Amino acid sequence: MKKILYVASECVPFIKTGGLADVVGTLPKTFSKEEADVRVILPNYSCMKPEWKEKLEDLTYFSMDLSWRNQYVGIKTLEYEGITFYFIDNEFYFTGAAPYTSMEGDIEKFCYFSKAALAILPVIGFRPDIIHCHDWQSGLVPVYLKTLFAGNPFFDGIKTVFTIHNLQFQGMTGLERLKDLSGLPSYVFTADKLECYGGANMLKGGLVYADEITTVSDTYAEEIQMPYYGEKLDGLLRARNNHLTGIVNGIDYDIYNPMTDPYLEYNYSAEDGPDLKVINKKALQRRVGLPENADIFTIGVISRLTDQKGFDLIDYVMDDICQEDVQFVLLGSGDPRYEDMFRYYANKYPNNVSANICYDDRLSKMIYAGCDAILMPSRFEPCGLCQLMALRYGTVPIVRETGGLKDTVASYNEEEQSGTGFSFTNYNAHDMLHVIEYAKDVYYEDKEAWKGIVRRGMEEDFSWTRSASVYMELYDSMLEE
């Protein structure tokens with residue numbers, strides 16, 4: 001049986017700020033228990049909900065050297081849904097109202113976390129065959145493994161995988177500062193290792209020292225090898241091309257299931273969804289204060305409000321989108337510029353636009369079930385989960401062809417009556433508007449074609465089962481070497 005260890009900074013249901021938490025919380029439990037013993041190491045954040053903190057059991061504690069200082073390392077544990085979780089406890093590092101605070105503080109916090117994740121392994125008696133690290137917060141794990149922990153028989157032969165969830169976030173700091181905080185040897189702070197444009201880069205450490213690199217879609221794996229998407233690391237990624245794999249994320253089909261979702265006004269399947277989604281549309285309209293209209297074309301957006309997500313494009317043509325035959329429902333928060341933008345349009349078009357500047361899980365499910373389309377015009381999108389949830393609920397994605405959006409949404413072909421959504425290529429507001437208008441025309445003028453798009457989307461399989469089998473093939477290939 002293979003032994004796999006996941007090391008990450010967040011994981012549902014314990015702590016979540018983004019899609020990383022969904023991956024780490026769902027993927028381990030998808031693997032066959034007969035085939036792999038998968039365990040997870042997380043920080044024990046003080047901001048974790050009390051309902052989880054109360055269930056943690058104390059294992060032990062010890063002192064660990066970190067550069068010139070010694071630090072307390074507590075170990076707590078919990079078994080949840082058949083997976084053993086370990087929580088590294090240190091009040092100095094993990095106290096706060098949120099898992100991430102400032103980059104200054106987070107750099108030191110995750111130096112500590114990366115080294116502690118290795119240091120606890122002999123203590124808990126778990127020697128993994130593979131350590132799977134996620135994003136820059138665990139980027140130093142492969143570095144520590146092949147430097148300070150090298151030569152210890154317990155750690156000999158352990159392989160590492162490093163997954164990039166978003167290359168934009170890298171854990172950058174000064175060279176001398178990371179030397180001081182990490183205690184890593186000076187020879188790792190060179191241009192071919194952790195040094196990066198005069199500073200030090202924790203994510204780069206993972207890319208250089210990991211045995212294999214993955215990212216969360218095939219197209220994103222190709223894109224990040226080009227300067228436009230590569231965030232100044234495209235040269236390194238091209239050099240490691242033979243060890244770089246794109247594996248599309250999945251979603252939890254038990255949680256996101258229109259046939260059983262308790263938040264919906266009416267549950268439905270791929271067979272009756274194209275006809276019965278309208279019941280959920282009316283419930284959504286009542287919930288967000290828009291006029292009830294079963295026939296109007298309704299577009300949803302569920303997102304962090306950031307430049308990455310393409311909101312500058314929406315801003316440029318929002319007056320054109322907000323016509324009498326369209327309703328627009330937003331759920332999200334983020335950049336105040338975009339929050340104010342949607343409040344402005346909701347005030348300007350009260351019968352057409354609803355701006356919900358928050359996050360509400362129930363409302364998100366109602367939007368997936370009640371809208372006709374989901375708009376995702378991202379500048380870049382490593383994978384994207386919103387379009388996968390939309391497809392599951394029979395809501396047609398309108399996306400820009402980038403990253404995981406390109407890999408998961410097949411553009412509608414009128415001649416062949418194929419496709420699961422609508423897409424555009426160039427990062428251009430009028431290209432986006434043209435595709436929205438095309439989707440709207442199909443919705444109003446060819447109901448049977450629209451129902452076919454809905455049904456094909458609902459029949460797609462983007463569950464974690466498919467992705468897990470690809471990850472297992474990767475693990476197997478690594479252990480055969």
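Visitor: How far apart are the mean positions of the positive and negative charges of the protein chain?
Guide: They are 4 Å apart, for 45 positive and 72 negative charges. Lys and Arg count as positive, Asp and Glu as negative, while His and the chain ends are not counted. Each charge is placed at NZ of Lys, CZ of Arg, CG of Asp or CD of Glu.
Visitor: What are the ground rules here?
Guide: This is a predicted model: local features need pLDDT of at least 70, side-chain atom pairs count only at pLDDT 80 or more, and totals for chains, interfaces and linings use all residues. Residues are numbered from 1 along each chain as its sequence is written, and side-chain values use heavy atoms, with hydrogens and water left out.
Visitor: How many helices and strands does the protein chain have?
Guide: There are 19 helices and 18 strands. Both are DSSP runs numbered from the N terminus: helices are H or I with at least four residues, strands are E with at least two.
Visitor: Why does the radius of gyration agree with a compact globule?
Guide: Because a compact globule of 481 residues would have one near 23 Å, and the protein chain has 23 Å. That radius is taken over C-alpha atoms, and the globule rule is 2.2 Å times the number of residues to the power 0.38. The C-alpha box is roughly 70 × 45 × 45 Å along the principal axes.
Visitor: What share of the residues is buried?
Guide: 59% of the 481 residues. Buried means under 20% relative accessible area, exposed over 50%, and partly exposed in between, with a 1.4 Å probe and protein chains only.
Visitor: On to helix 14. Why is helix 14 described as largely enclosed?
Guide: Because 8 of its 10 residues, in the run 361-370, are buried. Among them are Leu363, Met366, Ile367 and Tyr368.
Visitor: What do the buried residues of helix 14 pack against?
Guide: Their partners include helix 11 (273-288), strand 14 (326-331) and helix 15 (386-392). Contact here means heavy atoms within 4.5 Å.
Visitor: Which residue caps the N-terminal end of helix 14?
Guide: Asp360. One of its side-chain oxygens lies 3.0 Å from the backbone nitrogen of Arg362.
Visitor: And helix 8, how many of its residues are buried?
Guide: 7 of 8, in residues 202-209. Met202, Leu207 and Tyr209 are among the buried ones. At the start of helix 8, a side-chain oxygen of Asn201 comes within 3.0 Å of the backbone nitrogen of Leu203.
Visitor: Switching to single residues. Is Lys440 buried or exposed?
Guide: Lys440 counts as buried, at 7% relative accessibility. It sits in helix 17 (residues 429-445). Not counting residues up to four places away in sequence, Lys440 touches Phe297, Asp325 and Val326.
Visitor: What about Asp407, where is that?
Guide: In helix 16 (residues 403-408). Asp407 is partly exposed at 29% relative accessibility.
Visitor: What does the side chain of Asp407 reach?
Guide: The backbone nitrogen of Asp218, at 2.9 Å. The side chains of Asp407 and Thr219 are also joined by a polar contact of 2.4 Å. A polar contact is a pair of N or O atoms within 3.5 Å; within protein, one must be able to donate a hydrogen and the other to accept it, and residues adjacent in sequence count only if both atoms are side-chain atoms.
Visitor: Last one: where does Ser269 lie?
Guide: In the loop between strand 12 (244-246) and helix 11. Ser269 is buried, at 13% relative accessible area. Its side chain makes a polar contact of 3.1 Å with the side chain of Glu271.
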